[in-house]
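This briefing goes through a protein structure topic by topic. Please look at the sequence and the model before reading on.

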Amino acid sequence: MASSFFIKGKENPKLAKKSKNTASKRKNEGDTGGKANAKIKKPNKHNEEISSDSETESAAVPKKKQAREEYEYDETPQEKKLRLAKKYLEQLREEEEKKADDESFETDLIAGRLQEEVLEQKGKLQRLIAKDLLPPDSSEIRVLRGHKLPVTCLVISSDEKYIFSASKDCSIIKWDVSSGRRLHTIKGVRKGSGDQQVGHSACILCMTISSDGKYLATGDMNKLIMIWEADTCKHLFKFTGHKGPVSGLSFRRGSHDLYSASHDRSVKVWNVDENAYVETLFGHQDSIMGLDSLSRERCVTAGGRDGTVRVWKITEESQLVFHGHNGSIDCVQLINEEHMITGADDGSVCLWSVNKKKPVATVKQAHGCHGDPGLERPLWITSVAALQNSDTVASGACSCSHNSEVQIWKCGHNYRSIELLFNIPVPGFVNSLKFSSSGQFLVAGVGQEHRLGRWWRLKETKNGIYIIPLKRKQPIAEDANETEA
């Protein structure tokens with residue numbers, strides 16, 4: 001290495017000159033840098049004032065605006081997309097939670113209804129209403145008059161807006177419940193009038209209305225069943241086939257299948273939608289006096305003087321036979337699919353279960369007796385009614401005096417007993433009784449004579465429709481007791 005700089009102890013002239021030039025260049029650069037540094041460090045009043053003003057303006061910017069500007073500056077497009085996506089997902093989550101709560105409520109509601117329907121089908125649904133009922137005042141009972149002769153039967157539409165009634169004068173009247181006004185009257189016609197006039201020419205004994213309110217069916221002493229359009233009271237067609245007076249009619253709930261009973265001891269099944277006859281069932285040994293049905297494909301009949309109540313299983317083509325009354329069983333009504341109430345001319349009211357051949361409860365002389373001392377006879381039970389799937393039933397009697405009554409009864413737990421709640425004075429023969437579907441009122445069809453004959457006549461009474469309100473006890477507020485205390 002030393003030989004590159006020195007030759008025989010002497011300095012290399014080329015390298016020495018190059019080193020001197022490099023040193024000189026570094027010295028000049030050092031002098032220039034020092035002057036520049038000295039110039040920057042030199043104070044300048046003009047520059048200081050500008051710098052001070054800039055700081056003041058920067059401090060005057062509002063904090064919110066500055067933060068927003070910094071935020072807008074700091075947030076990248078990717079971060080903004082992420083923030084909006086999270087916000088959208090949060091909204092979706094809240095909507096799903098709200099929807100889940102609504103669906104849970106609807107599910108619980110539907111489950112409750114399904115449970116009620118199952119209990120109803122099994123005949124185990126029993127709404128406890130009787131304990132809250134109060135007897136109405138006589139001033140609260142409304143009377144609708146329009147028939148010239150005794151009222152024989154009536155029905156209430158499922159929406160409780162209309163009442164249809166029929167009479168011995170062969171007429172049918174449609175009533176408005178709220179106003180009590182007659183909406184339509186179908187007058188009776190003379191025998192032999194042919195097809196020129198439409199209507200009944202003999203006493204109407206029974207009637208029924210479909211659960212959807214579309215069809216009205218009526219049966220008379222001339223063995224005819226007539227089908228009407230319930231809304232307009234227009235005649236549609238008629239069924240013939242019975243060989244005796246038609247004494248009972250009922251539509252199967254939820255359908256247009258029609259069951260009819262007659263004094264010819266038969267039960268017939270019809271399809272109103274198809275205007276067709278289906279089949280005939282036999283079994284009773286005497287005239288059938290009443291018929292009822294609910295939603296199952298079965299009906300129940302009262303067999304008059306053969307002393308039986310029969311449950312007809314249509315699809316199985318079989319029947320159940322029940323015995324219990326000592327007289328003619330003239331009326332029957334289903335409480336639910338498993339229990340029913342009947343009345344007879346021996347004055348007794350019986351409560352039945354389809355699982356037992358004998359009544360589960362019987363009240364003898366339910367409406368008392370009449371006649372001279374020593375010759376008393378029980379009052380004839382002419383009609384019964386049941387508030388479906390509840391513990392409340394009613395009965396009406398045939399009285400030879402002006403003082404007759406409708407009685408309201410309470411069925412015990414699991415329909416094992418029956419007890420009287422109260423009486424409602426109704427002058428005349430109570431030929432028909434019907435509860436409204438909600439249980440808000442009871443309707444009685446009353447006349448001067450029994451619907452099946454003229455054994456007695458009460459001239460003092462008037463033929464009409466009695467609308468009886470069923471008042472209920474008001475619930476006692478718990479807060480009232482606390483306030484009084």
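A salt bridge is a side-chain nitrogen of Lys or Arg within 4 Å of a carboxyl oxygen of Asp or Glu. The model shown here is predicted, and it holds 10 salt bridges. The points below begin with some of these pairs and then turn to strands, backbone angles and a surface patch.

**Salt bridges**

- Side chains of opposite charge can pair when their charged atoms come close.
- Aspartate 137 counts as partly exposed because its relative accessibility is 41%.
- Lysine 471 also counts as partly exposed, at 28% relative accessibility.
- Arginine 252 forms a salt bridge with aspartate 257, and here the closest N and O atoms are 3.2 Å apart.
- Are aspartate 257 and arginine 252 buried or exposed? Both residues are buried.
- Arginine 305 and aspartate 345 make another salt bridge, with 3.0 Å between the closest N and O atoms.
- This pair ties together parts that are 40 residues apart in sequence, because arginine 305 is in the loop between β18 (298–302) and β19 (308–313) and aspartate 345 is in the loop between β22 and β23.
- The relative accessibility of arginine 305 is 62%, so arginine 305 counts as exposed.
- Aspartate 345 has a relative accessibility of 16%, so aspartate 345 counts as buried; the cut-off for buried is under 20%.
- Glu90, Arg93 and Glu97 are joined by salt bridges into a network.

**Strand β23 and its partners**

- Strands of a sheet pair through backbone hydrogen bonds, either parallel or antiparallel.
- Strand β22 (residues 339–344) pairs with β23 in the antiparallel sense, over five bridges.
- Within this pairing, valine 349 of β23 has glycine 343 opposite.
- The two strands β22 and β23 make a hairpin with four residues between them. Glycine 347, in the turn, has a positive phi of about 85°.
- β23 also pairs with strand β24 (residues 361–363), again in the antiparallel sense, over three bridges.
- Alanine 361 in β24 stands opposite leucine 351.
- How many of the five residues of strand β23 (residues 349–353) are buried? Five of the five are buried, and the strand is mostly covered.
- In a regular strand the side chains alternate between the two faces of the sheet.
- In β23, Val349, Leu351 and Ser353 point one way, and Cys350 and Trp352 point the other way. Residues on both sides are buried.

**A sheet of four strands**

- Four strands form an open sheet in the order β13-β14-β15-β16, with antiparallel pairing.
- β13 (246–251) and β16 (276–282) stand at the edges with a single partner strand each, so one side of each has no neighbour in the sheet.
- On average, neighbouring strands of this sheet are turned by 20° against each other, with direction ignored.
- Strand β15 (residues 266–271) runs antiparallel to β16, and six bridges join the two.
- Lysine 268 has threonine 280, in β16, as a bridge partner.

- Most residues other than glycine have a negative phi, and most peptide bonds are trans.
- Arginine 265 is not a glycine, yet has a positive phi of about 75°.
- Arginine 265 lies in the loop between β14 (257–262) and β15.
- Why does arginine 265 count as partly exposed? The reason is a relative accessibility of 41%.
- Glutamine 365 also has a positive phi in a residue other than glycine, with a value near 50°.
- Glutamine 365 is placed in the loop between β24 and β25 (369–370).
- With a relative accessible area of 46%, glutamine 365 is partly exposed.

**A nonpolar patch**

- On the surface, Tyr88, Leu89 and Leu92 form a nonpolar patch. Together these residues have about 310 Å² of accessible area.
- Leucine 92 is part of helix α5 (residues 77–122).
- Leucine 92 counts as partly exposed because its relative accessibility is 33%.

Conventions
Residues numbered from 1 in each chain as written. Predicted model: local features only at pLDDT ≥ 70, side-chain atom pairs only at ≥ 80, totals over all residues. Heavy atoms only, no water. Patch = residues over 30% accessible without salt bridge, like charges linked within 9 Å, V, L, I, M, F, W, Y side chains within 5 Å. Areas by Shrake-Rupley, 256 points an atom, 1.4 Å probe, with all protein chains shown as cover. Buried < 20%, exposed > 50% of the residue type's maximum accessible area, 1.4 Å probe, protein only. Pairing = 2+ DSSP bridges. Axes fitted to C-alpha atoms, helices over the stretch in contact; angles between N-to-C directions.
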